[in-house]
Amino acid sequence: MKNHTEKEQLQEIRLELKRSRAREAHLQKENRLILNGLSIISEAQTKEHIFNGLLTVIKEFIPFDNALVLSSSDTKTFSVLASTNPLFNEVTWQYNDLFYRACNNETIVLFKPSQTYQFSFDSTELQSYFTSVAISGIESHSGYAVIILMSSDFGVYSTSTKETMQRFMPLVERAIIDIDYKERLNSLVAIKTKELKLSKERFQDFAETVGDWFWETDLQFNFTYLSDSKINSVPILSRNLFTLINDDSLISIIKSARANKISFNEIEWCPDIFHNQIWFSLSGTPFFDELGNLLGYRGTVKDISVRKRRIRDIQQSKSEAEKANKAKSQFLAMMSHEIRTPLNAILGLVDIFHDSSLSKSQIEWLNQMEGSAQLLLTIISDVLDISRIEAGSFTLDEQPIDLLSTINTAVDFFKDKVDKDLITLTVTVSHNVPIYVYADPTRIAQIIFNLVGNAVKFTKKGLICININQIDHGLTSISVSDTGIGIGQNALDQLFQPFVQADSSITRQYGGTGLGLSIIKHLTELMDGTIKVESILNEGTEFIVALPLKAITQQQVITVSKQPDLERLNLAINKIRVLVAEDNKANQAIIKLMLERQGHEVYIVSNGEEAILEIKKETLPSYDLILMDVSMPIKDGITATKELRELGIRLPIIAITAHAMNAEKKMCLDAGMDDFISKPIRAIELKKLLVSLDL
């Protein structure tokens, strides 16, 4: 009995030893497969290789038909990292309690997965894959991951499956981490590849759009990169930038830039291969290695032919515009001379007839004649003013002036022009308006004259009010309002345009060129001021001019006037001998008659050559004064004056000019003339000039 018991114990020991050796062999196999799996995973290049390597190891101990790995960076939605069937990739996997348990070191076996909402699918085909399910998972630094093994057979997984899965968890964890890493790396590579491709496409599109040619060279300017083998369809045969340029001056600029390791920009280049028909702009910038050593240059070549042609066209247009402007100035000067010359005769005769015994009706006719001639003179002056303004040659002659006196002088002209029974003309000056200011008196008077003139022209009865006020920021406001015909709102926008009036019917009814307001606007802007208008049709109009006039004291007012006072004009002046050089017969007669009526002795010549010959005569008594017309045949007044000054003749020479332009007047003074008088010559102006000379 004892021996029998011992035999049984020995048999059990042998069986246990056998089972132990089997378990040891099984564990050794598991360990060997795990190590082999780790080796496969380590050497795998893609997530598919890692996944397949993991499944190969697991399948040795746990049977399954399909498997998949899910991952999530949060606790909401899982995405498929790897699977054995593409059908699983279309399934949306939400975070649930099963996944939560799996990611917290628990292996879960489902005998009837279809009874859980996590594995209940509408598709019968899909449901057939999940007859038996084993789930395990991990939580890593990048989120959560779950591995699901599934079989189409019932009851495949048991508690032993859990134990096996737990032993394989280090391998599963390593595989899932590597799969996740490969997935993220692949995503990053895909993004960067897409960005690189997009950048390349963008660069190519930009290059094609701007038409630039891109290049790169080494230190010797041998090409290492060219964006195109042609420029404007012409093949690039040279492999060196200097050889391609073939221009010593440009090469010198580029070599200097290389010596200083700096960029060169916008070097204009006209290659011989294009027969000097196409221009390029060459730019380059240096590039360096990590140590700061210069490696070469990169840059662009731009076709600037269109720009060069545009610049050439602009220069040509500018030259033509300057020629046209010069021609226009010459034409206006000529027209001024041609119109003022007969006007000189008309107004001269008016002055002479005024000193004659005339009947009342004859005086009225004479006044109408004078008014018409003055209107024509005003039109000429307006055309010349707008021409100089448009040419940019209009300048102000600013000086200390008596503002109120200047305004009153302009307004006084109209006091006798209005019908006092129908129109009341008033001037109101605020107490804070400076009396003395620094401004151009002629242009201030011109603004007042034009505004008040318009008010008188368009007002048949009622009020014309001139108000002078001092407003904020040192501005002086000059307001001219009337109760005339007014201006429609649709015409106000064009009111300050040259040659434009509110209505063409106004031109027919009231006359005028439409230049006055345009000139006023330009004059106001030249003085850094503003002008605005408010008007109601059939009720009246108000123009408001605001000018920044600088106030000064009376002591600062320096009157530099060549005009003598009235007392001196009323006194008899000394008899003098005057030589008049004038080619127009009518003007000769008028000027001679004016001077002789003032008691002077006059001698007439028809051109500058005759004037020089007359002065050279020593047999005659010497002359006291020469009145020299600027524009004459044979020899003009400017040339004659220069020759007389070169001969040492110092007697006063007064220019008679019909051009009335500053350039003409300056030319007279530069030639050696002492003063000038503009046509048409009025008797009173001529007398003032002679008195100012104090001969």
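Predicted model: local features only at pLDDT ≥ 70, side-chain atom pairs only at ≥ 80, totals over all residues.
Me: OK, and where does Asn 66 sit?
Reply: Asn 66 belongs to strand 1, which covers residues 66-72.

Me: Which side chain does the side chain of Asn 66 make a polar contact with?
Reply: The partner is Thr 84, and the polar contact between the two side chains is 2.7 Å. Leaving aside residues up to four places away in sequence, Asn 66 touches Thr 84 and also Asn 85, Phe 88, Tyr 129, Ile 148, Leu 149 and Met 150.

Me: Switching to backbone geometry, which residues other than glycine have a positive phi?
Reply: Among them are Asp 528, with a positive phi of about 65 degrees, and Ile 634, whose phi is near 70 degrees. As background, most residues other than glycine have a negative phi, and most peptide bonds are trans.

Me: Where are those two, and are they buried or exposed?
Reply: Asp 528 lies in the loop between helix 14 (516-526) and strand 19 (530-536), and its relative accessibility is 64%, so Asp 528 counts as exposed. Ile 634 is in the loop between strand 24 (625-629) and helix 18 (637-646), and with a relative accessible area of 72% Ile 634 is exposed.

Me: What about the peptide bond between Lys 679 and Pro 680, cis or trans?
Reply: The bond joining Lys 679 and Pro 680 is cis, with omega at about 0 degrees. Pro 680 is located in the loop between strand 26 (675-678) and helix 20 (683-693).

Me: On to packing. How many residues are in the largest nonpolar core, and which touch the most other members?
Reply: The largest nonpolar core has 43 residues, and those touching the most other members are Ile 444, Leu 451, Ile 466, Leu 495 and Phe 543. The element that gives the most to this core is helix 11 (residues 441-458), which supplies seven residues.

Me: What does Leu 451 touch?
Reply: Apart from residues up to four places away in sequence, Leu 451 touches Val 480, Leu 517, Ile 520, Phe 543 and Val 545. There is also a second, separate core of 24 residues, which includes Trp 213, Ile 236, Leu 250 and Phe 280.

Me: How does helix 10 cross helix 11?
Reply: Their axes come within 9 Å and cross at roughly 35 degrees, and the crossing is right-handed. The residues of helix 10 that meet helix 11 include Leu 403, Ile 407, Ala 410 and Phe 414, while those on the helix 11 side include Ile 444, Ile 448, Val 452 and Val 456.

How values were computed
Residues numbered from 1 in each chain as written. Heavy atoms only, no water. Helix = DSSP H or I, 4+ residues; strand = E, 2+ residues; numbered from the N terminus. Polar contact = N/O pair within 3.5 Å; in protein donor to acceptor, adjacent residues only side chain to side chain. Contact = heavy atoms within 4.5 Å. Buried < 20%, exposed > 50% of the residue type's maximum accessible area, 1.4 Å probe, protein only. Core = buried A, V, L, I, M, F, W, Y, C linked by side-chain atoms within 4.5 Å. Axes fitted to C-alpha atoms, helices over the stretch in contact; angles between N-to-C directions. Left-handed = near helix turned anticlockwise from the far one by under 90°.
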